[in-house]
Amino acid sequence: MANAEHAQPVLTARAAGLVGCGECGHVYPMGTEACSVCGTELISRDMASLQRVWAWLFAGLVVYVPANVYPMLRTTTLGRTKESTIVGGVFDLIHHGSIGVALIVFVASVVIPVSKFIAIAYLAMRVHKRKPGTSSHFHLYEFVEFIGRWSMIDVFVVAILSALVQLNFVATINPGIAAVSFALSVAFTMISANSFDPKLIWDAPEGKPV
Amino acid sequence: MAYHSRMTDSLSDMIACPKCDALHRVPLLDKGAEAKCVRCGTVLMAPRDGAMTRIVMLSLTALILMIAAVFFPFLKLSVQGLGRESSVFDAILSFSDGLMLPLSFAVAALIVVLPMMRFIALIYVFAPMALGWAPARHAKAVYKLAETVRPWAMAEIFIIGVAVALVKVAGLAQVTLGPAFWAFVGLVIVTVLKDNFMCRVTVWQTLNTRSPS
């Protein structure tokens, strides 16, 4: 893989005057409007997708702030209520000695979202500056697209805990408002990554904005 | 395999990688072989023996497991003589007060509705073809829907969430796993197996050649 960047030059459909379907791969003469196989609209390079990428990314970033500030869980044990945020929950787990699980939660709710913001912004900036990408940029994109949904773990943990721990006076766990904004943040960044046209990563410099 | 020189081939002999636009000549593949894009490594074609029958069978299995997983008791918590059983359905309803209600719908969609929708869609698309019939009406649209829903079907993530939740309450109380938990684990394994049999470009080609035009 080390030499992947110096691999043989590849003829793209666009360079051949053709347009390939982003869904099923069938090729048509440039200018064809829709794929006759799967009905998808044919766009050689979707520069407009970048606007959607930025909009959803920004929305995700905005709701990620309250997700970290407000409590994710409200635990009531023997009449005393304790609220914990996402990071607070991680510290609680470390306190209980569950380092491994604390790591899973920390990676899923802090490391993945933050690196996702940075990675998507970085890839989109490169397209704006019309720098040609290499296979490592493409793999970064694939990784971001694959890993994003796993951030939802923490929302599910809160849902399960709240359903399970309802023992009246002894112990009760209820969801906090951060659960909503965190779920929204994950969803928005997933839409952002899905809107990205990966073909732009490879050959932005030849592209004319459509 | 990359397409380099002549421009005389007809367009139907060529395929453009959906991820990087590299142009390839459609290769003749043996069953079980795989064709990958020369530039980005995306799997372009992967014809497999009996893939359609397997997808239908696995989707059907997943659908039955899902019904069991939703309504049987999932986990049981007991502490100082107090016990509480909850099903997946309870987990969904846990966000059901006030502001949290939309989240309740979202969780229901992510772990039950969307995965189930995908299974039904895949059965609808592949069952007639597995039997050797022409694809059902609107099979293409239904398959497209199933592919759109794919990243949002999060059953496997839910299972990891359950594992984390178990560790969190382990100190607080005793937790027993119910039958629905195992149904859900089975469901996740079946889903992963099924997705391994599906190659998007191959499916589109089959749908296209078998459709009456």
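1. Burial in chain A. Of the 210 residues of chain A, 45% count as buried. The model discussed in this note is a predicted one. Among contacts in chain A with a separation of 6 or more, residues 24 or more positions apart account for 64%.

2. Make-up and extent of chain A. The secondary structure of chain A comes to 7 helices and 6 strands, and the pattern along the sequence is β-β-α-β-β-α-α-α-α-β-β-α-α. Chain A has a radius of gyration of 22 Å, well over the 17 Å that the globule rule gives for 210 residues, so chain A is more spread out than a compact globule. The C-alpha trace of chain A spans about 70 × 40 × 25 Å along its principal axes.

3. Domains of chain A. The assignment divides chain A into domain 1, covering 1-44, and domain 2, covering 46-206. Taken over C-alpha atoms, the centres of domain 1 and domain 2 of chain A are separated by 32 Å.

4. Strand pairing in chain A. Strand E3 of chain A (residues 73-77) runs antiparallel to strand E4 of chain A (residues 80-84), and 5 bridges join them. Within this pair, A:Arg74 stands opposite A:Glu83 of E4(A). E3(A) and E4(A) form a hairpin with 2 residues between them. A:Leu78 lies in that turn and has a positive phi of about 50 degrees. E3(A) also pairs with strand E6 of chain A (residues 171-175), in the antiparallel sense and over 5 bridges. Here A:Leu73 stands opposite A:Pro175 in E6(A).

5. Make-up and extent of chain B. Chain B has 7 helices and 7 strands. Read along the sequence, they follow the pattern β-β-β-β-α-β-β-α-α-α-α-β-α-α. The radius of gyration of chain B is 22 Å, whereas the globule rule gives 17 Å for 213 residues; the value for chain B is well over that, so chain B is more spread out than a compact globule. Along the principal axes, the C-alpha trace of chain B spans about 80 × 35 × 35 Å.

6. Burial and contacts in chain B. Of the 213 residues of chain B, 41% count as buried. For contacts in chain B between residues at least 6 apart in sequence, 60% join residues at least 24 apart.

7. Chain B holds an open sheet of 3 strands in the order E6-E5-E7, with antiparallel pairing. E6 and strand E7 (174-177) of chain B are the edge strands, each pairing on one side only. From one strand to the next, the twist averages 20 degrees. The pairing of E5(B) with E7(B) is antiparallel and has 4 bridges. One bridge links B:Ser78 with B:Gln174 in E7(B).

8. The contact between the chains. Chain B puts 55 residues into the contact, and chain A puts in 53 residues. On the side of chain B that touches chain A, at least two residues each come from strands E1 (14-16), E5 (75-79) and E6 (82-86) and from helices H2 (88-93), H3 (101-130), H4 (139-149), H5 (155-170) and H7 (200-210) of chain B. H5(B) gives the most to this side, with 10 residues. By class, the side of chain B that touches chain A has 40 nonpolar, 7 polar and 8 charged residues.

9. B:Val164 is placed in helix H5 of chain B, the element that gives the most to the side of chain B that touches chain A. B:Val164 counts as buried because 23 C-beta neighbours lie inside 10 Å, and the cut-off for a buried residue is 20 or more. Leaving aside neighbours within four places in sequence, B:Val164 is in contact with A:Val101, A:Ile104, A:Val105, A:Ile153 and A:Val157. Between B:Val164 and B:Thr202 there are 38 residues of sequence separation and a C-alpha to C-alpha distance of 38 Å.

Key
Residues are numbered from 1 along each chain as its sequence is written. Chains are lettered from A and ligands numbered from 1 in the order in which they are written. This is a predicted model: local features need pLDDT of at least 70, side-chain atom pairs count only at pLDDT 80 or more; totals for chains, interfaces and linings use all residues. Two residues are in contact if their C-beta atoms, placed from the backbone, lie within 7 Å. Ala, Val, Leu, Ile, Met, Phe, Trp, Tyr, Cys and Pro count as nonpolar, Asp, Glu, Lys and Arg as charged, and the others, Gly among them, as polar. Domain bounds come from an automatic or database domain assignment. Two strands pair if DSSP finds at least two bridges between them. Axes are lines fitted to C-alpha atoms, for helices over the stretch in contact, and angles run from 0 to 180 degrees between N-to-C directions. The radius of gyration is taken over C-alpha atoms; the globule rule is 2.2 Å times the number of residues to the power 0.38. A residue is buried if 20 or more other C-beta atoms lie within 10 Å of its own, exposed if 12 or fewer, and partly exposed in between; C-beta atoms are placed from the backbone.
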